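Here's a quick briefing to read with the model open beside you.

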Amino acid sequence: LLGDTRVESAQLRSVDLKPGDTVWQVGITGHHRIVSRRTRVSRVEPLFLPLPSPPQFRETNLEVIDTEDAASSIGGALVDRKGRVVALWASFATKEDGEPTAFFRGIPSDHLKRIVEPLRRGEPAVYQSLGVELGTVSLADAREIGLSESRAAQIEAVGDRDRQAVVITRITAGTAADDLLEEGDLILAMNSEIVTRFPEVEEASQAPVVQLTILRDGAEMEMEVATDSLYGMGIDRVALWSGVLVHEPHHELASQRGLHSNGVYVAYYWYGSPAARSRLRATRRIIEVDGVATPGLDAFLTQVEKASGTVRLTTLDLDDQVRVVTLVLDPVYWPTRVFAFEQGTWSSVARSVD
């Protein structure tokens, strides 16, 4: 498609940027014009985004780079004086005063390499996760909750910039961490190496099993924790039924709300549909159809295909509160269709019945 256009692969450079370092921001505008600006790093800090509602993708456990002055663009890269990419200049979506907004920060190239390198080898990109969301506490606060003086000295010796401890703030339901770790645990070391920053935790987690040293209730503990394999696909199969779009619960329900992956998730509903008239709303999970458990999409479709006239649905909201809905079916105007994402496109598929 590029023809004879001369294009060179970007070189990713691993560098631990610090405030005051000089970088060049290179990007593209909404009118497809290249912009660039020499600037300085103003901050390198953990990214903390509020929980989205409804649950959707949200970046966590990431340190990002802010600059003193940035050219207006729709994205690009931060590069060194030789043009090597030290960070991706990326947009982060959030809400401010209830309204959608976005801001730009740099994602260090080390984070990108974990995904790019296997793709270059023709392998699928698999990211190992400890299954926890991280925060930080100062050493003073860590000492208040039982961190020993000797351990605090070890953390201080790692670097004068990182006089902090990493704390677990949220745990993904259904992972090994869910059975072993607790919110409020301090992660002191991984595989016997002191950790004080998110990138160190993420790097150590790129293995099937990691050895953790944690602080809980004033006492240090050692444990082995299996990591969780994450893929970039997300939801690849959905169904339209009675005016709702349903799919199996996505990863964000487990990571953001601590909800286990049972039932089918209502992602959207259409006004005027049978679902709307029965007040079957988005973000609910359907766990039973006419008293029969529906642990996944196939089980759900099997049960609703047996129904005629009306159907009774047992649902759970995001707080795991139960609500029973009776829905009047209208298969003529609201038929069931299943869609799958295959070979880069969504298409209607026939459902195989076992």
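Let's start with arginine 43, which counts as partly exposed at 38% relative accessibility; that label covers the range between buried (under 20% relative accessible area) and exposed (over 50%), using a 1.4 Å probe and protein chains only. Keep in mind that this is a predicted model, so local features need pLDDT of at least 70 and side-chain atom pairs count only at pLDDT 80 or more, while totals for chains, interfaces and linings use all residues. Residues are numbered from 1 along each chain as its sequence is written, and side-chain values use heavy atoms, with hydrogens and water left out.

**Salt bridges**

- Arginine 43 has a partner: its side chain meets that of glutamate 45 in a salt bridge, 3.5 Å from N to O. The rule asks for a side-chain nitrogen of Lys or Arg within 4 Å of a carboxyl oxygen of Asp or Glu.
- Glutamate 45 is partly exposed too, with a relative accessible area of 29%.
- By this rule the count comes to 19 salt bridges. As background, side chains of opposite charge can pair when their charged atoms come close.
- Aspartate 16 pairs with lysine 18 in a salt bridge of 3.8 Å, N to O. Lysine 18 is partly exposed at 40% relative accessibility, and aspartate 16 is partly exposed at 40%.
- Aspartate 16 also forms a salt bridge with arginine 197, with the closest N and O atoms 3.4 Å apart. Aspartate 16 sits in the segment before β1 (22-28) and arginine 197 in the loop between β11 and α5 (198-204), so this pair ties together parts that are 181 residues apart in sequence.
- Arginine 197 is buried, at 11% relative accessibility.
- Put together, Asp16, Lys18, Glu63 and Arg197 are linked in a network of salt bridges.

- Helices (H or I, at least four residues) and strands (E, at least two) are DSSP runs, numbered from the N terminus.
- Helix α3 (residues 149-158) has Arg151, Ala152 and Ile155 buried. Seen down the axis of α3, these buried residues fall within an arc of 100°, so they line one face of the helix. The arc is that of the directions from the helix axis to the C-beta atoms.
- On the face of α3 turned away from its buried side you'll find the exposed residues Glu149, Ser150 and Ala157.
- The cover over the buried residues of α3 includes α2 (139-144), β9 (164-171), β10 (186-190), β11 (193-194), β12 (209-216) and β13 (219-226); contact here means heavy atoms within 4.5 Å.
- Helix α8 (residues 297-306) buries Leu297, Phe300, Leu301, Gln303 and Val304. They cover an arc of only 165° around the axis, which puts them on the same side of α8.
- The exposed residues Glu305 and Lys306 are on the face of α8 turned away from its buried side.
- Packed against the buried residues of α8 are β15 (237-241), β16 (244-247), β17 (264-269), β18 (285-289), β19 (292-293) and β22 (337-342).

**A spot in β13**

- Alanine 219 is found in strand β13 and is partly exposed, with a relative accessible area of 36%.
- Alanine 219 and glycine 146 are 73 residues apart in sequence but 7.1 Å apart in space, C-alpha to C-alpha.

**Cavity and pocket**

- On a 1 Å grid over the protein atoms alone, a cavity is a set of points where a 1.4 Å probe fits but cannot get out, and a pocket is an open set with protein on both sides within 12 Å along at least five of seven lines; lining residues have an atom within 4 Å of a point.
- Searching the whole structure turns up one cavity of 30 Å³ or more. The largest cavity holds about 40 Å³ of space, where grid points are joined across faces, edges and corners and a volume is the space filled by probe spheres set on the points.
- Its lining is made of Leu47, Phe48, Leu49, Arg58, Glu59, Thr60, Asn61, Glu133 and Leu134.
- The largest pocket has about 1400 Å³ of space. Of the 44 residues that line the largest pocket, Phe57, Leu230, Tyr231, His251 and Glu252 are the closest to its centre.
- The largest share of that pocket's lining, five residues, comes from α6.
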